[in-house]
Amino acid sequence: MTEDPARTGTAAYEIQRLLRPDLRGRTPYGAPQLDVPVRLNTNESSYPVPEAIVRAVMAALEDDVRGLNRYPDREFTDLRKALTAYLARQAGVDVTPEQVWAGNGSNEVLAHLVQAFGGPGRTALGFTPSYSMHPIITETLGARWVDGLRAAGTFELTATAAAEQASAHDPSIVFLCSPNNPTGTALPFAVIEAVLAAAPDAVVVVDEAYAEFARPGTRSALTLLPGNPRLVVTRTMSKAFAFAGGRLGYLVADPELIDALRLVRLPYHLSTPTQTIARVALEHADLLLATVETIKAQRDRIVASLAGLGLAPVPSDANFVLFGGLADAHATWQDLLDAGVLVRDVGIAHHLRVTAGTPDETTAFLAAMTRLAAAHRLDPAPADPTITGAHG
Ligand code: PMP
């Protein structure tokens, strides 16, 4: 808006007057989309879609386009089958198509969950810092958000601390994020079990957007689904699948919970091309996931190199690294940008987050950080970083 919203008679004033009072003054989600040589700020994959998949998608889309006079399959049946086949292969879990729900990115399936189980008069709990859209989705859909706490300094969340907070706030929804964005670490499994027990009236959502990057031995919450009808695991094709532009996220839960989501989704929310593109991509899952090991190696290289520079990287199970030990995180962010490297200022004092890109992009980032480290390092590192804004 260019006008001063305080001036009566202006369009800005009128819109502010008409807007829901609880939305006035809010800022929208806004990771910068800047055209710089090295973009490592939104945890996308740096690898383009392989040519074989481009050709397969284009061939499949030709038939779709002829049939665009008709609405898409409202139940996205073939896509659900493709997702179950993928989960059986990648996570070794046996789920039925009736247990799978999908949307335009996992943000949309998260919104469906809040629409169905949150909403006005209800509370959602998450553990800060975590993915910034969990509170945004909660509050813009009219529910109350409670910022649960992690251990100061380490960002750890123990089962005891999580259970205490879950039982204190009587939430309708609890958001867990594993591996957590922006800190990068997977949750101990006991946290999920403790929260399920401590919040008997809550749907417990485990956001596993980065699950495919987890270090060996990390168990997926998908294995906890049998016998837990209040548990939901959300995933996405935006990260490991290198498919952020395709906009396909999904969740897995009890068929009864999935059925409830039909009450809130807009009819035909997944377009025919979206369903086809995602289905064909899933048929080529091995090819799309081929870069995961390379990305994990770059992540581990970032952790080791930043520690070597005297900075404080947080151990990561994701395709990004949160690192602390900076005197002024925003100044470092700006100097990196001036060097052509875009990373993310997630609003945690003294910390920045960087996505693990290609080996060359990682080299460019580390070269810039090596040049900047001495001037930007905070000595000594703070024990309790203050969290000032949006995360993830
Ligand atoms: N969950 C987490 C933890 C994320 O970091 C993101 C994206 N940054 C999402 C969900 C949403 O991703 P998408 O809508 O692209 O699936």
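How much space lies in the second largest pocket? About 300 Å³ of space lies there, in a model that is predicted rather than determined by experiment. Local features are described where pLDDT is at least 70, side-chain atom pairs count only at pLDDT 80 or more, and totals for chains, interfaces and linings use all residues. Residues are numbered from 1 along each chain as its sequence is written, and side-chain values use heavy atoms, with hydrogens and water left out.

Across the boundary, 27 residues of domain 1 are in contact with 27 residues of domain 2, where contact means heavy atoms within 4.5 Å.

The interior comes next. In soluble globular proteins, nonpolar side chains tend to be buried together. A nonpolar core is here a set of buried Ala, Val, Leu, Ile, Met, Phe, Trp, Tyr and Cys residues joined through side-chain atoms within 4.5 Å; buried means under 20% relative accessible area, exposed over 50%, and partly exposed in between, with a 1.4 Å probe and protein chains only. The largest such core has 111 residues, and Leu176 and Phe365 touch the most other members. Helix H7 (residues 189-198) gives the most to this core, namely 7 residues; helices (H or I, at least four residues) and strands (E, at least two) are DSSP runs, numbered from the N terminus. Domain 1 and domain 2 each supply at least three residues to this core. Apart from it lies another core, of 5 residues, including Val314, Leu322, Val346 and Ile348.

Leu176 and helix H7 can be followed in more detail. Leaving aside neighbours within four places in sequence, Leu176 is in contact with Phe127, Leu157, Leu187, Val191, Ile192, Val195, Val204, Val205, Val206 and Asp207. H7 itself is mostly covered, as 7 of its 10 residues are buried: Phe189, Val191, Ile192, Ala194, Val195, Leu196 and Ala198. The cover over these buried residues includes helix H6 (159-169), strand S5, strand S6 (203-207) and strand S7.

Open space can be examined in a similar way. Rolling a probe the size of a water molecule over the atoms shows where empty space is left. On a 1 Å grid over the protein atoms alone, a cavity is a set of points where a 1.4 Å probe fits but cannot get out, whereas a pocket is an open set with protein on both sides within 12 Å along at least five of seven lines; lining residues have an atom within 4 Å of a point. Grid points are joined across faces, edges and corners, and a volume is the space filled by probe spheres set on the points.

The largest pocket holds about 560 Å³ of space. Its lining consists of 29 residues, with Tyr29, Thr42, Asn107, Tyr131 and Lys239 nearest the centre. Both domain 1 and domain 2 give at least three residues to this lining. By class, the lining has 11 nonpolar, 11 polar and 7 charged residues; Ala, Val, Leu, Ile, Met, Phe, Trp, Tyr, Cys and Pro count as nonpolar, Asp, Glu, Lys and Arg as charged, and the others, Gly among them, as polar.

The second largest pocket is lined by 21 residues, and Ala211, Ala214, Thr218, Arg219 and Ser220 lie nearest its centre. H7 and helix H11 (292-308) are the elements that give two or more residues to this lining. By class, the lining of the second largest pocket has 9 nonpolar, 5 polar and 7 charged residues.

Finally, the backbone deserves a look. Most residues other than glycine have a negative phi, and most peptide bonds are trans. A cis peptide bond joins Ser178 and Pro179, with omega about -5 degrees, and another cis peptide bond joins Asn181 and Pro182, with omega about 15 degrees. Pro179 is placed in the loop between strand S5 (173-177) and H7, and Pro182 also has its place in the loop between S5 and H7. Asn43 has a positive phi near 60 degrees; this residue is found in the loop between strand S1 (38-39) and helix H2 (51-66) and is buried, with a relative accessible area of 1%. Ala242, also not a glycine, has a positive phi of about 60 degrees. Ala242 lies in the loop between strand S7 (231-236) and strand S8 (249-252) and counts as buried at 13% relative accessibility.

Terms used
Domain bounds come from an automatic or database domain assignment.
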